[in-house]
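This report is for a reader meeting the structure for the first time.

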Amino acid sequence: MLLNPLNRRHRLRHDIPVVPGAFPLVGHLPAIVCDLPRLLRRAESTLGSHFWLDFGPAGHLMTCVDPDAFALLRHKDVSSALIEEIAPELLGGTLVAQDGGAHRQARDAIKAAFVPKGLTQAGIGDLFAPVIWARVQAWRDRGDVTILRETGDLMLKLIFSLMGIPAQDLPGWHRKYRQLLQLIVAPLVDLPGLPLRRGRAARDWIDAQLRQFVRDARAHAARTGLINDMVSAFDRSDDALSDDVLVANIRLLLLGGHETTASTMAWMVIELARQPVLWDALVEEAQRVGAVPTRHADLAQCPVAEALFRETLRLHPAVTLLPRRALQELQLGQRRIPAGTHLCIPLLHFSTSALLHEAPDQFRLARWLQRTEPIRPVDMLQFGTGPHVCIGYHLVWLEMVQFCIALALTMHKAGVRPRLLSDVEKGRRYYPTGHPSMKVRIGFS
Ligand code: HEM
């Protein structure tokens, strides 16, 4: 594991152990980025359920692997403002980093478009289906693809069409977003060619484009698309929100709707390629339904595709950690946590915890197909919970099922199936988002 062998000293902060092995400046980030599951397991087995991790420029976060920590996301004395301090350039002024009334005001301007009714009324399923068909047919014709690059471009195209933005230079946007994400882990050294400088330039480029989209939306108010709805909702609200806030939240939606979903979709294809029984079950379902569903009400006809989406995300959560700050002293498991403590809630750990799942490391569609009770917050913890629970959950569900069915119908008709052409363990990442290596290739033969 990428830990500093010279740092073995046992240290305590507020009576809670600090994980040894931090490097100067970057702390435990190399191990967090490349080997988070092992780092968390090792820390739990040697130090117990509460320990400090050093996030380099973002400082120390008290990490708790006791499943009780998940409830902190609903706790009234826990704040999201720490997110803005960790990534001011990327997430400053966005709703994900706000609490209380300010958060509600911004969320209310957006959320209606993302619930099943809003998605159906706006015809999002009909908008997405042809884009997804075209992409999987291109994969069939090409015979093999670099999967994360492809799903990244596809997701960007979908989110752009949802927002009502003309889709130009998608690979360029994809590149800018990857550079932007680096702002979360970039050391605070602002020199040409280094991640901080590149990330800031990417953010300025993205914001300039978004400002233009907002101006266009105001000039052509009759157009449809989420940006138009957001601009009208923001302009209508009593406490008018500034364009900076609007642009920051559009940037958040594009980012939230792109990186995470691209990673989940890529993992889904990887799992289908390495487990032929999954592919066979999906093909059988796709042939039975015969067409890509376009409305939420139709998703119930695709339980295998839904189970694939849920189980892929359980084993490969795209958002692995959530930062928070304790506003008051809190009880967490067996410990009192002082007010002001910076907290890390390790979604990834709970997602594969034996306390919450039977045989947690096994990919089992049956855990979803055979369940009789409704989905609980803990079953979709990869989307968070509480006031900040992911706005995009229903959208992701729709697009993942559409994608699975389109892929299975297209490839089966051509007499081919996905095959893994690379080592997937090499180069996978866990932070700032979890994703497979950019180099993983999938063949269709
Ligand atoms: C597999 C895909 C996705 C995953 C795993 C995911 C995960 C999450 C998580 C864990 C949070 C909670 C953050 C927190 O509590 O601090 C969140 C929030 C959010 N997500 Fe997603 N997300 C996904 C897709 C999307 C999509 C498609 C969109 C929109 C197009 C989106 C938009 C948002 C927004 C706006 C928030 C902030 C909500 C708030 O603060 O009230 N996400 N997401």
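## Cysteines

A disulfide is a pair of cysteine sulfur atoms within 2.5 Å. The structure holds zero disulfides. Cys 344 is in no such pair: the nearest cysteine sulfur belongs to Cys 64 and is 9.8 Å away.

Cover is judged by relative accessible area: buried means under 20%, exposed over 50%, and partly exposed in between (1.4 Å probe, protein chains only). Cys 344 is buried, at 2% relative accessibility. Cys 390 counts as partly exposed, at 32%.

## About the model

This is a predicted model, in which local features need pLDDT of at least 70, side-chain atom pairs count only at pLDDT 80 or more, and totals for chains, interfaces and linings use all residues. Residues are numbered from 1 along each chain as its sequence is written, and side-chain values use heavy atoms, with hydrogens and water left out.

## Overall build

The protein has 17 helices and twelve strands. These are DSSP runs, numbered from the N terminus: helices are H or I with at least four residues, strands are E with at least two. The radius of gyration is 22 Å, close to the 22 Å that the globule rule gives for 445 residues, so the protein is as compact as a globular protein of that length. That radius is taken over C-alpha atoms, and the rule is 2.2 Å times the number of residues to the power 0.38. The C-alpha trace spans about 60 × 50 × 50 Å along its principal axes.

Contact means heavy atoms within 4.5 Å. Among contacts in the protein with a separation of 6 or more, 71% join residues 24 or more positions apart. Of the 445 residues, 56% count as buried.

## Surface and charge

The protein exposes about 19000 Å², and carbon and sulfur atoms supply 53% of that area. Areas come from the Shrake-Rupley method with a 1.4 Å probe; for residues, only the protein chains shown count as cover.

There are 52 positive and 44 negative side chains. Lys and Arg count as positive, Asp and Glu as negative; His and the chain ends are not counted. The centres of the two sets lie 4 Å apart, with each charge placed at NZ of Lys, CZ of Arg, CG of Asp or CD of Glu.

Most residues other than glycine have a negative phi, and most peptide bonds are trans. His 14 is exposed at 55%, and Asp 15 is exposed at 59%.

Pro 17 lies in strand β2 (residues 16-18). Pro 17 is buried, at 7%. Beyond four places in sequence, its contacts include Leu 47, Phe 51, Trp 52 and Arg 335. His 50 also touches Pro 17; their C-alpha atoms are 7.5 Å apart, across 33 residues of chain.

## Other sites

Asp 207 lies in helix α9 (residues 195-219) and is buried, at 11%.

Ala 359 is in the loop between α15 (347-351) and α16 (366-369). Ala 359 is partly exposed, at 24%.

A cis peptide bond joins Tyr 431 and Pro 432, with omega about 0°. Pro 432 is in the loop between β11 (418-420) and β12 (441-444).
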